[in-house]
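Here is a short report for a reader who is new to this structure. Look at the sequence and the model first, then read on.

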Amino acid sequence: MRRLGSTRRTARGTRAGRTGRAVVAGLVCGAALAALTAVPALAHEPEHRAPHWELKDSGTPDVRFRGLAAVSRKVAWVSGTGGTVLRTTDGGASWRNVSPDGAGDLQFRDIEAFDARRAVVLAIGEGEASRVYRTDDGGLTWTESFRNTDARAFYDCMTFFDSRHGLAMSDPVDGRFRILSTSDGGRSWTVLPDAGMPPALTGEAGFAASGQCLVSAGSRDVWLATGGGARARVLHSADRGLTWTATDMPLPAGDPARGVFALAFRDRTHGLAVGGDYRPDQTSPQAAAHSSDGGRTWRPAAAPPPAYRSGVAWLPHSRTAALAVGPTGTDLTTDGGRTWRTVDPGSYDTVDCTADLGCWAAGERGRVARLES
């Protein structure tokens, strides 16, 4: 989307080993969630050992990171302005600049990673500014696998169902959102037919704000968030992007700066939506909603975040807890999105969590943080 200055994400041996890790992670998450619920803020009183965002020095104060792929508590990738891609394999203690060569003029607004070596990154923008790169060696080398040659297209977000099958979405072309598909892990891409895509509203587009305007759950379900039109909407496909249905959202709309900015589904049924009006001088009432039927219907949060939010993620091993982030703070829900309360004032644009409680956030001025206890 041309606005805003113009990440579900990862593919994760024995059955007993997996079960043991899940139990441990569940216990850790339960303790962290209890602590989060009990304290007034994530970061105000570290001496109490409450879970809090701990900044990890990325060494890139001039970069804004809107792309984030959390693989584990140890491994994460971030992407942003100036064609920048960073990777950590030690929990954020150090970061390696693995930016593709010659990409300094690009904005990498979304990155999807399968492990510490394999990742796919999306550059956004009009025409040839929209590109996709893939690495198989931890960012030592990148291959450009897609370059948009249609001046009318503007790609915003990506999502992967598994390590092979994924989609990317563009703002409407000829009155319909355009969907790009890969079946080989992002090594090649094909534009899908748009016969199953509902017509776009006048002015409707996606927000390339956090890499979460296109998200998936399971092997075939995918959701697309929109704004800019008379109504904010969420579109859903149950067949990997071939056919779609659209649902109106109870979030701010009617202006190019308003709409749904981020989605998160913890399974095929339970979803969260956040957004609002990204302009700092505008309020964002009712900027969150939740669904329990796969996005067919949405209910506004009874107590939404107090301001615009651009990223959202479910906490692992919880059916009701999630975090939302934005320039003015982090909010927590413990009731599936019905009510939210601010727990940290720091500025972040995107958030992502992994099964081992590797919750990460990233944003302006090179800010990257991990949830610590």
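D150 and R178 form a salt bridge, with their closest N and O atoms 3.1 Å apart. A salt bridge here is a side-chain nitrogen of Lys or Arg within 4 Å of a carboxyl oxygen of Asp or Glu. D150 sits in the loop between β9 and β10 (154-160), and R178 in strand β12, so the pair ties together parts that are 28 residues apart in sequence. Strands (E, at least two residues) and helices (H or I, at least four) are DSSP runs, numbered from the N terminus. D150 and R178 are both buried. Buried means under 20% relative accessible area, exposed means over 50%, and partly exposed lies in between (1.4 Å probe, protein chains only).

This is a predicted model: local features need pLDDT of at least 70, side-chain atom pairs count only at pLDDT 80 or more, and totals for chains, interfaces and linings use all residues. Residues are numbered from 1 along each chain as its sequence is written, and side-chain values use heavy atoms, with hydrogens and water left out.

## Other salt bridges

How many salt bridges does the structure hold? There are 22. One of them joins the side chains of D349 and R64, at 2.7 Å from N to O. D349 lies in the loop between β25 (341-344) and β26 (350-352), while R64 lies in the loop between β1 (52-55) and β2 (65-70), so this pair ties together parts that are 285 residues apart in sequence. D349 is buried, at 1% relative accessibility. R64 is partly exposed, with a relative accessible area of 26%.

D136 and R187 also meet through their side chains in a salt bridge, at 3.5 Å from N to O. The pair links distant parts of the chain, 51 residues apart: D136 is in the loop between β8 (131-135) and β9 (143-147), and R187 is in the loop between β12 (176-182) and β13 (190-191). D136 is partly exposed at 37% relative accessible area. R187 is partly exposed at 45%. Elsewhere, salt bridges link E54, K56, R73, R370 and E372 in a network.

## The largest nonpolar core

Which residues touch the most other members of the largest nonpolar core? They are M249 and L263, in a core of 29 residues. A nonpolar core is a set of buried Ala, Val, Leu, Ile, Met, Phe, Trp, Tyr and Cys residues joined through side-chain atoms within 4.5 Å. Two or more residues come from each of β11 (166-173), β12, β14 (214-217), β15 (221-225), β16 (233-237) and β18 (258-265). β15 gives the largest share, 4 residues.

M249 touches A232, R233, V234, V260, A273, A289 and W298, leaving out residues up to four places away in sequence. Contact means heavy atoms within 4.5 Å.

## An open sheet

Four strands make an open sheet in the order β18-β19-β20-β21, with antiparallel pairing. β18 and β21 (299-300) are at the edges, each with a single partner strand, so one side of each has no neighbour in the sheet. Two strands pair if DSSP finds at least two bridges between them. β18 and β19 (residues 271-277) run antiparallel and are joined by 7 bridges. G259 stands opposite G276 in β19.

## A buried loop residue

T60 is in the loop between β1 and β2. At 12% relative accessibility, T60 is buried. Its contacts, apart from neighbours within four places in sequence, are F65, L86, R365 and G366.
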